[in-house]
Amino acid sequence: DESGAGRKSMQYGEALKKDRKVVTNESIAEIARQRRSLPVFTVRDQLLQVIRDNQVVIIVGETGSGKTTQLTQYLNEEGYGRKGMIGCTQPRRVAAVSVAKRVAEEMNVELSKQVGYAIRFEDCTSRETIIKYMTDGILLRETLSDDDLDAYSCIVMDEAHERSLNTDVLFGVLRKVLTRRRDLKVIVTSATLNADRFADFFGRAPIYNIPGRTFPVDVFYSKSTVEDYVEGAVKQVIQIHLQAPLPGDILVFMTGQEDIEVTCEIIADRMSKLEDPPPLIILPIYSQLAADLQARIFEAAPEGARKVVVATNIAETSLTVNGVSFVVDAGYCKLKTYNPRVGMDALLLCPTSRASANQRSGRAGRTGPGRAYRLFTANAMANEMLESSVPEIQRTNLSHVVLLLKSLGVRDLLEFDFMDPPPEENIVKSMHGLWMLGALDSHGNLTDLGRRMATFPLDPPLAKMLLAGEREGCSQEVATIVAMLSVPSVFFRPRDREEEADAAREKFFVPESDHLTLLHVYQRWRSAGERADWCAKHFLNARGLRRAKEVRSQLIEVMKDEKIALTTCGTDWDSVRKAVTSAYFHQAAKMKGIGEYINMRSAVVCAVHPTSSLYGAGFTPDYVVYHELIYTQKEYMSCVTVVEPHWLAEMGPMFFTLKYSGGRTLNTNPEVVNEDVSTPYEDDVSAISSLQRKLE
Ligand code: ADP
Ligand code: MG
């Protein structure tokens, strides 16, 4: 099966397969016993009856009751797998991979055979696959090529309470599919009790509650505001560890990767300074963590030891760590939030909601009575936190979704069944952004370019960059850059060796472009034979580079399918910068003074990020475009490329025109001026204002 997706199975899958024997110390009998002990098992037959009798069923059950791992297997045991695949969507990649692995173990089959998973840039399924775990984004993409989802007999929409953007959009898509596919079963699962919204949305579908089995959790609040939640969490963990009797593991809810790593380091450091403390196993978990390390959180701590898992909100409901008796909650999470002023998403640190805080503390009471330590005051919980968090669809950039929906043939976005429609401003901004990139015409219809852009699982500007690479004769170089931008930074900067790492990084700098610097790193790595020792010597993350190579080959596959010419520009890197410009001209900045730039759309003052190859390169280019903005003390442009002003005018004619100063010919000091951004072409204005009218 050469065309089958299984061939694409990559890093995560490989790592997991290798790990299988090591991680699983449970015997088959032990696994069978564990499966039977889950709350969902006691209601198995009733549940299957409700599913037989209804096209859509909402299932509510505590985290850890067995929804994610068991429902798919029950459906398979019931014979649904013979009629088509049993799909199960997850809002998070980590959960999709981890759960697929677990279920393969439970069924004692090799991952990617009967049980597989698919996440962006990684397909670990095969012809034999019956149970397929995937991110909600993957299933949404599949509707592009299989609009009735004929490959599936059942779809479990897991973790619906998370209200992820893609899950929300899938709800609307599935509601249509259900009217055409009477034989399709849809099961929506939620960890929280307010499932009525889902039931109503699917025409009063029945709600089935899995009887819970939880123990009381004592909750302790901080008496005063915690200034430093990392320090607060560390102290709390050490205190619990030294005072509470074993067993009983600790689960810490931190914000994101960086804070998690720091927390783990400080805990380890404090432990090393204690005299002969009881052993503590410190385990981080976040989405970008390598799969083999992720799997470790499920291993039981050895006799006489305790484990502490430091997690993002992934451990809130998506993954269940057994044996937790103590929860430490920092009270924050990172939320992707659209900033209309700059027209893009940023990850913002936000206080968690009350619903999340309660979910989090509940994790301590699964196996026995537990304790939860909240690093915020009772007053903050009562007065400052939201009841539940705002659904993603209402707070993020919708360009990608708008492009997908347009490709699915949704002509009028306002007629689409959104459970909670996104704010008008966000729809309009996203449409405007797509129009600017040339993906929509001035009537809001998809263009040919837009249709081609939609075939890539990428943010629209990155998809445009690939297509511009074809035009500029450098599609292979651009594919490398897009791949490098799609993985976490490959530059490794260990604490205590920052200077050495920075010096190593500087050796790769291409002074006019961070995008080209990424290309340069990748090419050097390839010519060095992709060696790990070479990476270590140059402070590069070998895993990240390997991952980029895999992402790149996935992109090349799509490009071949789309008949996009694979071209290379050799060392003529100007063409690459042109491709970057055609995707990011709307994120341009103009020099204002020494080291100071002004954003050409928002007029906000910004600076080149200190990690950039432009920084201190000894010249100050007049015009740059950037990949993203980072907010710290100031607004920084990160991943920056120097551009020629007439490229901006050529590729972004709706914003920029050339102004000639001091002469008549084009090459005498052309300058880019900012056109009035809010009034593009007549037709687009009318398309958007009619959209606004309909929304009112
Ligand atoms: P739910 O979806 O209702 O929250 P799950 O099906 O995810 O419940 O979990 C059921 C049980 O399976 C839990 O006890 C959990 O700890 C266990 N489990 C899930 N994934 C793994 C894994 N990768 N390794 C070991 N145990 C796991
Ligand atoms: Mg689950």
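What follows is a chat about a predicted model of a protein with a ligand.

Visitor: What should I know before I start?
Guide: This is a predicted model, in which local features need pLDDT of at least 70 and side-chain atom pairs count only at pLDDT 80 or more, while totals for chains, interfaces and linings use all residues. Residues are numbered from 1 along each chain as its sequence is written, and chains are lettered from A and ligands numbered from 1 in the order in which they are written.

Visitor: What is the mean pLDDT of the protein?
Guide: The mean pLDDT, where pLDDT is the predictor's confidence in each residue, from 0 to 100, is 87, and 89% of the residues reach 70 or more. Over residues 1–23, however, the pLDDT is below 50, and it also stays under 50 over residues 663–670.

Visitor: OK, how many helices and strands are there?
Guide: The protein has 26 helices and 23 strands, where helices (H or I, at least four residues) and strands (E, at least two) are DSSP runs, numbered from the N terminus.

Visitor: Is strand 3 buried or exposed?
Guide: All 5 of the 5 residues of strand 3 (residues 115–119) are buried, so the strand is largely enclosed by the rest of the structure; a residue is buried if 20 or more other C-beta atoms, placed from the backbone, lie within 10 Å of its own.

Visitor: Which residues are on each side?
Guide: Val115, Tyr117 and Ile119 lie on one side of strand 3, and Gly116 and Ala118 lie on the other. In a regular strand the side chains alternate between the two faces of the sheet.

Visitor: And which strands pair with it?
Guide: Strand 3 runs parallel to strand 5 (residues 131–135), joined by 4 bridges, and pairs in the antiparallel sense with strand 4 (residues 122–124) over 3 bridges, where two strands pair if DSSP finds at least two bridges between them.

Visitor: Switching topic, what about helix 15, how many of its residues are buried?
Guide: In helix 15 (residues 399–407), 8 of the 9 residues are buried, among them His400 and Leu404. Glycine 409 follows this helix and has a positive phi, near 90°.

Visitor: Last one: which residues are closest to ligand 1?
Guide: The closest are Lys67, Thr68, Thr69, Arg102 and Phe298, out of 17 residues that surround ligand 1, and a residue is near a molecule if its C-beta atom, placed from the backbone, lies within 6 Å of it. Helix 4 (67–77) and helix 5 (93–106) are the elements that give two or more residues to this shell.

How values were computed: Buried ≥ 20, exposed ≤ 12 C-beta atoms within 10 Å, placed from the backbone. Contact = placed C-beta atoms within 7 Å.
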